[in-house]
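Hi,

Here is the structure I promised to pass on.

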Amino acid sequence: MTDAPVVASGTGPLKVERASDRGSVLSWVGMPIFLAVVFTGTYLWVQSQELGGVEQRVLTRAQLTSRTIQHLELTAVSTLIVILIAIPLGVLLTRPFARSLVPVVLAVANIGQGIPSLGLLAIIFVAFGQLGFTPVVLGLVAYSTLPILRNTMVGLQQVDPSLIKASRGMGMSSLAILLRVELPLAVPVMIAGIRTALIINVGTATLATFFGAGGLGYIVYNGITLNRTTVLITGVVLVSGLALVVDYLAGVVGRLLAPRGL
Amino acid sequence: MTTSERPMIELVELTKTFPGQRKPAVDKLSMSIERGEIVVFVGPSGCGKTTSMELINRLIEPSSGHIIIDGEDVTNGDPDELRRRIGYVIQETGLLPHRTIAQNIGTVPKLLGWDKARISARVDELLGMVGMDPQVYRDRYPKELSGGQRQRVGVARAMAADPPVMLMDEPFGAIDPITRDRLQNEFLRLQAEIQKTIIFVTHDIDEAIKMGDRIAVLREQSHIAQFDTPEKILSEPADDYVADFIGAGASLKRLNLSRIRDVEMTTDTPTGLLSEETAALRQRLLESDWTAMLLLDEQRRPRRWVTIGDLRREGRSLDTVGLPAHAVVEGHSTLADALNELIESNGGVAVVVDAKGAYQGIVDLETIMVAVRAMREEHSAFYLAQKQQPEDAAR
């Protein structure tokens, strides 16, 4: 493993978590403390405001909870689908027999990533002819496939060829080498890709409200159109906070899954 | 034919042509390798030596020809199963970084379905064999080890399931010279016990000479230029290619192959004890045709070289006259060691002692030259007869 950051095209450098980071206490507790402070501060600030009719209608416990759950559902379902598509595809594309397909598949994935997210969702909406959960999830899947696909491939390709040669030389089958050598060693890079996809999906799911799938974008959008700063800020804090929580949890999972000894 | 007579590995016209290439990378390689010997494939980069090795465990599938191991044709059949029966060591070690040393060593036994207790016992045994304390190392990860330790683990892993055949691809190539020398010596000592049949690939002729029972010097397409013992290859290179590959230092390299106990030492050097009367010593030196004599202490350990002039100076302790007798070698030292000692010595001779340090005889340049000529089988008797007394031994 090198220390160099792994770059997935169009997503900027990704930090690959290393097992040796495990011990750092600050990196474990820093983010939860920060988020707790921000959420509490926002709550107290909203409580101290004089709330008009719009605020009282939008900022209810039931409203906020259901919008957050919608948002998380969109993110979770789309990311899960991407994982199920992109990881097997990435494994397949790194097998010698599929090498010629690589440019084609990457080109398609790049198109998904290259179109602006609002435009992509609009295209899918037009193509699908209906509003709601399914077309938005499709859009999110198309939009976030590349980082996981790319990182799965990079993660598998950066496994030292001498390890694979030695493993073959000891009589391990190709499947055993994939499962016991290549995939474990690619996990840190793959997790980094999944983390990126999650962040993309949390952020892009904010647009779901324009296509009838709700989410926290509803609150932000209401805040803007009705010119209610309190509503707008609450929505923004919730969306950003949610992104940070998801990123943090993905990071924790990544550290736990990273193989020891790297 | 009994098993002990049957060659361990037989290669029959083994050929590999890679797709898209007209010339085969390995062209009709045939050879027969005996049980328990180390055969070194040596040759310049691109001569096909590594490819030839990888054909044997079928990491590269041969285009034609046969591989016969212990009488069984293994050219077809399950390659994974074949590889589990052949130890494999590579330069990069190939230790899996996410697995402990014990898990790495236990890889092949686990593939073969050994139970946990047996694997664990075998891992400890192997770590002991390569000189690493199992208690300390078994649960470490490869990155926590030095390069030399990793390569030891690599060797231990290859021996895990006790395969009769081992393939070693430049196993010590990426290690610093001092550690490499130590690992080579350790491995030769280990091989004396385990008696594996080993194919060893290197591009370093010195390593080939040191490690090989027989050396196959390869030229392009793995054509065998010469396949013989190190002594023969050094003294009778088959052609200019082999001679060029050995390089200019062939005679010097040959000195690494002979030991002092195998050559004729000069033993008629006059000697005396430090405790003797000066007059008696002087008398003895004058009666010899030497110009200097070697003084020994009570345990017959060499102390001083003295000339007749030194012995005439009355009233001085014999321990301070003449020159100190440095340059001491033992019987198991190589002629290269002896040559090195005598170049550094005062008198142009290396004094040979036994294990206790007692005087045995001396080796001088003549002795070494005679030995080299004898190795070349160029009328060694003639040169022995011509040998003259080293009259200037103590100058």
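Below is what I found, starting with confidence and then going through the chains.

First, the housekeeping: this is a predicted model, where local features need pLDDT of at least 70, side-chain atom pairs count only at pLDDT 80 or more, and totals for chains, interfaces and linings use all residues. Residues are numbered from 1 along each chain as its sequence is written, while chains are lettered from A and ligands numbered from 1 in the order in which they are written.

On confidence, pLDDT is the predictor's own score for each residue, running from 0 to 100. Chain A averages 86, and 91% of its residues score at least 70. Helices here are DSSP runs of H or I with at least four residues, strands are E runs of at least two, and both are numbered from the N terminus. Two stretches of chain A stay under 50: residues 1-15 and residues 17-21. The model has 29 contacts beyond four places in sequence for residues 1-15, and 13 such contacts for residues 17-21. A contact means that the C-beta atoms of two residues, placed from the backbone, lie within 7 Å. Where pLDDT is low, the predicted coordinates should not be read in detail.

Now the annotated spans of chain A. UniProt (an unreviewed entry) lists "transmembrane region" for residues 25-46, 74-94, 101-125, 131-149, 170-191, 197-219 and 231-258 of chain A. Those positions are in the numbering used here, feature names are shortened, and annotations may be inferred rather than shown by experiment. Two of these spans are worth a look side by side. Residues 231-258 of chain A are 96% helix and 0% strand, with the end C-alpha atoms 40 Å apart. Residues 197-219 of chain A are 48% helix and 0% strand, and there the end C-alpha atoms are 23 Å apart.

Next, where the chains meet. The contact takes 17 residues from chain A and 20 residues from chain B. On the chain A side, the elements giving two or more residues are α7 (161-169) and α8 (174-204). The largest share, six residues, comes from α7(A). By class, that side of chain A has nine nonpolar, five polar and three charged residues. (Nonpolar is Ala, Val, Leu, Ile, Met, Phe, Trp, Tyr, Cys and Pro; charged is Asp, Glu, Lys and Arg; the others, Gly among them, are polar.)

Then chain B. Its domain assignment gives domain 1 (9-256) and domain 2 (262-369), with bounds from an automatic or database assignment. The C-alpha centres of the two domains lie 45 Å apart. UniProt (unreviewed entry) lists "domain: ABC transporter" for residues 9-246 of chain B, a span that is 39% helix and 24% strand.

Finally, the sheets of chain B, where two strands pair if DSSP finds at least two bridges between them. One is an open, mixed sheet of six strands in the order β6-β7-β8-β3-β9-β10 (chain B). At its edges stand β6 (86-90) and β10 (223-228) of chain B, each with a single partner strand, so one side of each is left without a neighbour in the sheet. β6(B) pairs with strand β7 (residues 165-169) of chain B in the parallel sense over five bridges, and B:Gly87 stands opposite B:Met166 in β7(B). Another open sheet has four strands in the order β2-β1-β4-β5 (chain B), with antiparallel pairing.

Cheers
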